Amino acid sequence: LVWLASQLVQQDRALERERGHETLTRVASAVTTALQHRIAAAKSSLNQLASLPASERRAAMARMAPTLGPGAALVEFTSGGITVAPTRALLYDPAAPIEQVETPPALARGEWLEFRERDLRRAASAYRAHTSAPDPAVRGAALLRLARVLWKDGRADEALQTYDLLGALDTVSIHGLPAGLLAAHARLGVRRDQGRRDEARIEADSLVARLASRRWRLSRGSFEFYHEEALRARGAVTSPDKVARPAASALAASFAEALLLSRAVDSLWRAWSDVVATPVDARYLLTMDSVPVLVLRSARAGATVMLISTPAHLRAAWIEPLQPILAGEGVTLSLSDAAGPPIFPPEPAPAATLDAPRLTHAAAVSRLPWTLGVAITDPRALSRDFAARRRVLLFSLVVAILLVLVGTYSVTRAVNRELAVARLQSDFVAAVSHEFRTPLTSMRQVAELLDAGRVSSDERRTQYHAVLRREGDRLHRLVENLLDFGRMEAGAREFRFEPVDAAALVTEVVEEFRNGVATSGYEVVLSAADAGPVHADREALTRALWNLLDNAVKYSPEHKTIDVSVARDNGRVVMSVSDHGLGIPPEEHGAIFQEFVRGQAARVSGVRGTGIGLAMVRHIVQAHGGEIRFTSIVGAGSTFSIRLAPAPA
Ligand code: ADP
């Protein structure tokens, strides 16, 4: 049974695993198909865009841009530069030329005074003369220089005010750089050089915020330089290669996204400019700072159109819509670059689910840009109904084992009982034969003596006849006992009840018994009170008393006084027979009233008997509606009492 159950449980486990695997395969293929569709759809719109004429293409890109969501951008590369949709998706323009520092001729004199003559005052007034020039570029350049000279001259407040005037020009390009940027950076420099770190930090924060707002068109080099300057002033030690996270906030996150997109476009732009004909679908994943960025592209006649999408965008726009399917199936999805960090989920799975059933499809198998993994979210939920089934199985097994045990026990018990009965019966047969043989032997001997005429005196002859009669009586009683016992066992013994005077009956039985045992030296002491009549079968009650007296003699080989009493006790007529003999060991108390049961002492010391005496007494007393009780102490003797209800007057 145990083997069978373990086989079943194992099969069940295998089934459970198979079911889990099926779910995973189904979900993996559903997710793969969904993602393949999205990629195919994106590529077909890119193909459409690429095949449009340039002007229509830009309009179409601008229309599509708002549907992309954060973290994604459409990018067009042409020999003329980069077009991005949404327009503010990037922090800088990778195609922007490096800015050239060029002094406007009007300010040449001021520079001569400032650097050659080192006459700051005159240089300042030379610059100041141009601060209201009609050309804003000249005005800005003059303000920039004026503020620098003022600062060198130790007039910090005036310098800062002048920088503010410069900042107001904001997007006006001064040597290719926005006035606002130059002013903000210069203010930062002044504060830093003054050693006023708090103010410097505030200036730096505002510089970063304005860089993040993408109000200026910058080249990559300028952006990185000013960004790094600001970060350094804020005390954030960052290498320019790392994605700088200005502060922990949603703004910061979108800044990081934009930075990632910018770097990706920059790297693609450089590759595109180097190798003119980049093959279509050359590469899906571009790893920037170990973050995998998805790039889908389509190239037609000198223009390449790309969709660039960061992991955050993929999660929000592509994977989030799949969540209901995944949640419904109880499956967790993971996407990762074969070598790089996971794209989804952003955090590694909790350790508890690491041993959950999982399935991984490499990019080559799934025909997706990523390695796709699916795992059962809660393996215990899957195995719950299997566990219930296994519990039923184990319960049945336990029940079956219990049944087997109970069955074995019952059969063993029944067999033992049969064996005991068989032994009792054979003991009984031996005992009965023995009982018969003893009187028969003495009768035969006496009869032979009488036959041979060898008995001379009449007195002797009378004695022998008495022996013959006594042994005959004994045989008779024995046979009657057996017959009666047989009838009682069969329930065929008919009792004839009549009012019998208990004291008279007991006296009569004792008198008769005395005659039989007087020769062996036994004395029967009778104490008979007037107990009144009982409703009894005279013959049966006599037999019961006789059996008790017989036992008292048999089991008192040494002490030869038997006490018999009859009296009223608690409204009952009680007839007791006491001896002072062997007594009955406590462990036999429960069994001596059963038929054929003989005590250990009786059998060991060879006392004659058949084991039916007390069984008969019990039968008779029960037929009289009375009860039999006994007390016994080993070595001190036993008292058996028959208690009967008195006959109604
Ligand atoms: P038997 O006397 O033929 O063996 P009984 O049914 O009369 O059968 O008694 C059953 C057993 O009870 C006896 O074998 C004996 O061990 C025990 N027994 C009965 N009466 C007495 C007694 N008065 N004293 C000691 N043991 C007794």
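This is a predicted model: local features need pLDDT of at least 70, side-chain atom pairs count only at pLDDT 80 or more; totals for chains, interfaces and linings use all residues.

Switch to cartoon next. You'll be looking at 19 helices and 18 strands. Of the contacts with a separation of 6 or more, 65% are between residues 24 or more positions apart. Of the 649 residues, 41% count as buried. If you colour by charge, there are 77 positive and 71 negative ones, and their mean positions sit 9 Å apart.

Now the local stops.

**Select Pro86.** This proline is in the loop between β2 (81-85) and α3 (108-117). Look at the bond linking Ala85 to Pro86: the peptide is cis, with omega at about 0°.

**Select Thr162.** You're in helix α6, residues 156-168. Is Thr162 buried or exposed? It is buried, since its relative accessible area is 7%, under the 20% cut-off. Its side chain reaches the backbone oxygen of Glu158 at 2.7 Å. Beyond residues up to four places away in sequence, Thr162 touches Leu143, Leu146, Ala147 and Leu150.

**Select Asp170.** Step into the loop between α6 and β3 (173-174). Asp170 has phi near 45°, positive despite not being a glycine. With a relative accessibility of 14%, Asp170 counts as buried.

**Select Ala362.** Here you're in the loop between β10 (358-361) and α13 (363-366). Ala362 is partly exposed, at 38% relative accessibility. Setting aside neighbours within four places in sequence, Ala362 contacts Trp370 and Thr371. Now draw a distance from its C-alpha to that of Val621: you'll get 95 Å, for a pair 259 residues apart along the chain.

**Select Phe596.** Last stop: the loop between β16 (572-578) and α18 (600-604). What is phi of Phe596? About 70°, a positive value in a residue that is not a glycine. For context, most residues other than glycine have a negative phi.

How values were computed
Residues are numbered from 1 along each chain as its sequence is written. Side-chain values use heavy atoms; hydrogens and water are left out. Helices (H or I, at least four residues) and strands (E, at least two) are DSSP runs, numbered from the N terminus. Buried means under 20% relative accessible area, exposed over 50%, partly exposed in between (1.4 Å probe, protein chains only). Contact means heavy atoms within 4.5 Å. Lys and Arg count as positive and Asp and Glu as negative; His and the chain ends are not counted. The place of a charge is taken as NZ of Lys, CZ of Arg, CG of Asp or CD of Glu. A polar contact is a pair of N or O atoms within 3.5 Å; within protein, one must be able to donate a hydrogen and the other to accept it, and residues adjacent in sequence count only if both atoms are side-chain atoms.
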